Amino acid sequence: MGVCRGCGAYTQPRNGKGDAYAHCKACHPGAIERRWTQAAVLEAMRGWRERYGGLPSSYDWSRTHARARGGEAERRLAEGEWPSPSVVSTLFETWSAARTAGGSEVET
């Protein structure tokens with residue numbers, strides 16, 4: 001096992017002792033840049049609120065729930081570029097934290 005040069009996380013061994021990767025999967029050169037940041041999620045929440053009059057719930061941004069609810073829910077989800085509920089949870093831990101993260105930034 002080695003240590004990532006980028007973030008210090010442990011890396012996986014390749015071919016035995018002393019032969020670990022130099023970077024973790026998230027930091028390795030050529031890794032895909034994260035599309036959603038906390039700021040981008042808050043911006044998406046503001047956009048949703050402006051369009052539909054309220055902040056989104058995890059159900060609003062869930063493709064599975066939108067398909068089950070049909071009609072309006074599917075249309076709203078298709079009309080914009082929204083992060084998945086798991087992205088919001090990963091970045092903020094909870095939806096409540098996401099809603100309050102920007103304080104007046106999101107609520108106003």
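These legends describe close-up views of a predicted model.

Local features are given where pLDDT is at least 70, side-chain atom pairs count at pLDDT 80 or more, and totals for chains, interfaces and linings use all residues. Residues are numbered from 1 along each chain as its sequence is written, and side-chain values use heavy atoms, leaving out hydrogens and water.

View 1. Helices (H or I, at least four residues) and strands (E, at least two) are DSSP runs, numbered from the N terminus. Along the sequence, the order is β-β-α-α-α-α-α-α. The chain has 108 residues, and 30% of them count as buried. Buried means under 20% relative accessible area, exposed means over 50%, and partly exposed lies in between (1.4 Å probe, protein chains only). The accessible surface comes to about 7200 Å². Carbon and sulfur atoms hold 50% of that surface. Areas come from the Shrake-Rupley method with a 1.4 Å probe, and for residues only the protein chains shown count as cover. Among contacts between residues at least 6 apart in sequence, 42% join residues at least 24 apart. A contact means heavy atoms within 4.5 Å.

**View 2. Helix α1 crosses helix α4.** Two packed helices are described by the angle between their axes and the distance between the axes. The axes of α1 (residues 38-52) and α4 come within 10 Å and cross at roughly 130°. Therefore α1 is oblique to α4. Axes are lines fitted to C-alpha atoms, for helices over the stretch in contact, with angles from 0 to 180 degrees between N-to-C directions. Under 35 degrees counts as roughly parallel, over 145 as roughly antiparallel, 65 to 115 as roughly perpendicular and the rest as oblique. Gln38, Val41 and Leu42 of α1 meet Val88, Leu91 and Phe92 of α4. Those contact residues divide into five nonpolar, one polar and no charged. Ala, Val, Leu, Ile, Met, Phe, Trp, Tyr, Cys and Pro count as nonpolar, Asp, Glu, Lys and Arg as charged, and the others, Gly among them, as polar.

**View 3. Leu91 sits in helix α4.** Leu91 is buried, with a relative accessible area of 19%. Not counting residues up to four places away in sequence, Leu91 touches Arg34, Trp36, Thr37, Gln38 and Val41. The C-alpha atoms of Leu91 and Val41 are separated by 8.8 Å. Along the chain, Leu91 and Val41 are 50 residues apart.

**View 4. Met45 belongs to helix α1.** Met45 has 0% relative accessibility, so Met45 counts as buried. C-alpha to C-alpha, Met45 and Pro56 are 6.5 Å apart. In sequence, Met45 and Pro56 are 11 residues apart.

**View 5. Ser84 lies in the loop between α3 (71-78) and α4 (85-92).** Ser84 is partly exposed, at 29% relative accessible area. Trp61 is 23 residues from Ser84 along the chain. The C-alpha atoms of Ser84 and Trp61 are separated by 5.8 Å.

**View 6. Glu93 lies in the loop between α4 and α5 (95-101).** Most residues other than glycine have a negative phi. Glu93 is not a glycine, yet has a positive phi of about 75°. Glu93 counts as exposed, at 69% relative accessibility.
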